[in-house]
Amino acid sequence: MPGGRPKATLIVSDAEREQLIAWSRRRKTAQALALRSQIVLECATGSTNNEVAERLRCTPQTVAKWRRRFVEQRLDGLVDSPRPGAPRKVDDARIERVIAMTLERRPAGATHWSTRSMAKTAGLTQSMVSRIWRAFGLQPHRQETFKLSTDPEFVAKTRDVVGLYLDPPTKAMVLCVDEKSQIQALDRTQPVLPLAPGIAERRTHDFERHGTTTLFAALDIATGKVIGRLQRRHLS
């Protein structure tokens, strides 16, 4: 028979699981909260404290502590309690306003918020805005790219292109064609995935142009001559 103290049953609701997953994906900020979230998610699978500790490379005592805290206090039990000291000068309403503006609005004349622009708009100090963003894993200055391909032959084509550069045939000539319009993209090929706590804004690396002028050009290496053709694209 297994020894040790009996453990309370740990059941995670769908809403709690969604929040725990979001916390567990944090990369550089709030790593302690990310580990606690991973512990609870692993425990919810029915694993023992020793099994969870071995997978997450922590002690069984740490697993037992956060398992118990979650069972007793749910999500609030994973967040650090306020430390003793001087009372806060910024209340929850002002913090919530900063978070809402960061996630839902853009500054005038800029593509994203900085700590200085947010501090000026919210009436707070730059260091306070920085602390709020770190606490909630908000990084409006960062942007990641992604690409979803619907081409059923995408893998085979990718292997052909990459293989051509890694191991080209003897006496092979590779021609690369690209458009040189110098006009900013208007539409991305996929919707932008917005900024979220612990997750940077994500958008596709490619785009679609509408009604722009495109210049196709090629360089003759032997003579140095640029061969170009100008083509206007019309909207249908």
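The sulfur of cysteine 43 lies 8.9 Å from the closest cysteine sulfur, that of cysteine 58, which is too far for a bond. A disulfide is a pair of cysteine sulfur atoms within 2.5 Å, and by this rule the count is zero. Cysteine 43 is buried, at a relative accessible area of 4%, and cysteine 58 also counts as buried, at 19%. Buried here means under 20% relative accessible area, exposed means over 50%, and partly exposed lies in between (1.4 Å probe, protein chains only).

The model is predicted: local features need pLDDT of at least 70, side-chain atom pairs count only at pLDDT 80 or more, and totals for chains, interfaces and linings use all residues. Residues are numbered from 1 along each chain as its sequence is written, and side-chain values use heavy atoms, with hydrogens and water left out.

Next come the salt bridges. The whole structure holds two of them, a salt bridge being a side-chain nitrogen of Lys or Arg within 4 Å of a carboxyl oxygen of Asp or Glu. In one, the closest N and O atoms of arginine 74 and glutamate 16 are 2.8 Å apart. This pair links distant parts of the chain, 58 residues apart: arginine 74 is in the loop between α4 and α5, and glutamate 16 is in helix α1 (residues 14–24). Helices (H or I, at least four residues) and strands (E, at least two) are DSSP runs, numbered from the N terminus. Arginine 74 is partly exposed, at 29%, whereas glutamate 16 is buried, at 12%.

The side chains of arginine 55 and glutamate 42 also meet in a salt bridge, with 3.0 Å from N to O. Arginine 55 belongs to helix α3 and glutamate 42 to helix α2 (residues 31–43), so the pair ties together parts 13 residues apart in sequence. Arginine 55 is partly exposed, with a relative accessible area of 45%, and glutamate 42 is partly exposed with 23%.

Most residues other than glycine have a negative phi. The phi of arginine 74, however, is positive, near 60 degrees. Arginine 57 has a positive phi too, of about 60 degrees. Arginine 57 sits in the loop between α3 (49–56) and α4 (60–73) and is exposed, at 80%.

Which residues does arginine 69 touch, not counting those up to four places away in sequence? They are Arg74, Gly77 and Val79, where contact means heavy atoms within 4.5 Å. Arginine 69 is in helix α4 and counts as buried at 19%. The side chain of arginine 69 reaches the backbone oxygen of glycine 77 at 2.9 Å.

On the surface, Val161, Leu164, Tyr165 and Val174 form a nonpolar patch with about 370 Å² of accessible area together. Patches are made of residues with over 30% relative accessible area and no salt bridge; like charges are joined within 9 Å, and nonpolar side chains (Val, Leu, Ile, Met, Phe, Trp, Tyr) within 5 Å. Valine 174 is in the loop between α8 (154–166) and β2 (187–188) and is partly exposed, at 40%.

Finally, the chain as a whole. The protein chain has eight helices and six strands, and buried residues make up 27% of its 236 residues. The accessible surface of the protein chain is about 17,600 Å², 54% of which belongs to carbon and sulfur atoms; such areas come from the Shrake-Rupley method with a 1.4 Å probe, and for residues only the protein chains shown count as cover.

Definitions and conventions: A polar contact is a pair of N or O atoms within 3.5 Å; within protein, one must be able to donate a hydrogen and the other to accept it, and residues adjacent in sequence count only if both atoms are side-chain atoms.
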